[in-house]
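Good morning, colleagues. Please look at the display.

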Amino acid sequence: MTLAIPEDDARLLYCVPDAMRFLSIRSKDTIYALMRTGRLRSVKEGRARKIPASALHEYVALLEREAGEQQ
């Protein structure tokens, strides 16, 4: 499974609403909980939290590994 980041989107850092859209998560609280627990890496830029594109891919890979272990 590949993450659906548009090809013309070459950003390296994504804000929380963009990460929510890419991961199909409807709640900001869920994203912040994932960051707080370390399941989704983030960096701080000024006062804002940003999610690196690589962290989005890593999180999807983590979910796939966990799904494979449950089978």
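Across which strands does helix α3 lie? Helix α3, residues 53-70, lies across β1 and β3 and runs at about 65° to β3. This is a predicted model, in which local features need pLDDT of at least 70, side-chain atom pairs count only at pLDDT 80 or more, and totals for chains, interfaces and linings use all residues. Residues are numbered from 1 along each chain as its sequence is written, and side-chain values use heavy atoms, with hydrogens and water left out. Helices (H or I, at least four residues) and strands (E, at least two) are DSSP runs numbered from the N terminus; axes are lines fitted to C-alpha atoms, for helices over the stretch in contact, with angles from 0 to 180 degrees between N-to-C directions.

The sheet is open, with three strands in the order β1-β3-β2 and antiparallel pairing; pairing requires at least two DSSP bridges. Its edge strands, β1 (13-14) and β2 (43-45), each pair on one side only. Between β2 and β3 (residues 48-52) there are three bridges, and V43 has K50 of β3 as its bridge partner.

I turn now to the helix pair. The axes of α1 (residues 16-23) and α3 come within 11 Å and cross at roughly 35°. Contact, meaning heavy atoms within 4.5 Å, involves A19, F22 and L23 of α1 with L56, Y59 and V60 of α3.
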